[in-house]
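Subject: Structure for you to look at

Hello,

Here is the structure I promised to pass on. Please open it beside this message; my notes follow below.

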Amino acid sequence: MTFFILGKVLLALVWVSALVVALFPSMATGEGMLVKVAVVTLVIHVIELVFVDARLRQQPNPLWHRVQVLLFGYFHWGRLSKTEPA
């Protein structure tokens, strides 16, 4: 597995875990720390989205790439080519 795929898989597990804890608060441990981590991660990904928006506009279907950046951050946009569309 490449670095980017492994990162996406791990982040997907974080998002699913945070969603489960948000839907079923009785499963939460650590005073909802997982949800707090997910919120901070989402804020960081929004900031990343602002900085890489020009590169994403060059890609086919830029909306899909923006969603991917919101979910996976660098693990998505880090492998996009700077010069040619993916």
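One caution before the details: this is a predicted model.

Start with helix H1. Its buried residues are Gly7, Lys8, Leu11, Trp15, Ala18 and Val21. Seen down the helix axis, these residues fall within an arc of 155°, so they line one face of H1.

What covers the buried residues of H1? The cover includes helix H2 (33-57), helix H3 (62-72) and helix H4.

I also checked the length of H1. The helix has 21 residues, and at 1.5 Å a residue they should span 30 Å. The end C-alpha atoms of H1 are 30 Å apart, which agrees.

Next, the aromatics. There are four aromatic pairs in the structure. Take the one between phenylalanine 4 and tyrosine 74: the ring centres are 5.7 Å apart and the planes stand at 45°.

Where do the two partners sit? Phenylalanine 4 is in H1 (residues 3-23), and tyrosine 74 is in H4 (residues 74-77). The pair therefore ties together parts that are 70 residues apart in sequence. Tyrosine 74 is partly exposed, at a relative accessible area of 36%. Phe4 and Tyr74 also belong to one aromatic cluster, together with Phe3, Phe75 and Trp77.

Is histidine 76 buried or exposed? It is buried, with a relative accessible area of 4%. Its side chain makes a polar contact of 3.4 Å with the side chain of lysine 8. Lys8 is one of the buried residues of H1. Leaving aside residues up to four places away in sequence, histidine 76 touches Lys8, His65, Gln68 and Val69.

Last, the annotation. UniProt, in an unreviewed entry, places a "transmembrane region" at residues 38-56. In the model, that span is 100% helix and 0% strand. The end C-alpha atoms of residues 38-56 lie 23 Å apart.

Best wishes

Notes
Residues are numbered from 1 along each chain as its sequence is written. This is a predicted model: local features need pLDDT of at least 70, side-chain atom pairs count only at pLDDT 80 or more; totals for chains, interfaces and linings use all residues. Side-chain values use heavy atoms; hydrogens and water are left out. Rings of Phe, Tyr and Trp (its six-membered ring) pair if their centres lie within 6.5 Å; planes under 30 degrees apart count as stacked, over 60 as edge-to-face and the rest as tilted. Helices (H or I, at least four residues) and strands (E, at least two) are DSSP runs, numbered from the N terminus. Buried means under 20% relative accessible area, exposed over 50%, partly exposed in between (1.4 Å probe, protein chains only). The expected span of a helix is 1.5 Å times one less than its number of residues. The arc is that of the directions from the helix axis to the C-beta atoms. Contact means heavy atoms within 4.5 Å. UniProt positions are given in the numbering used here, feature names are shortened, and annotations may be inferred rather than shown by experiment. A polar contact is a pair of N or O atoms within 3.5 Å; within protein, one must be able to donate a hydrogen and the other to accept it, and residues adjacent in sequence count only if both atoms are side-chain atoms.
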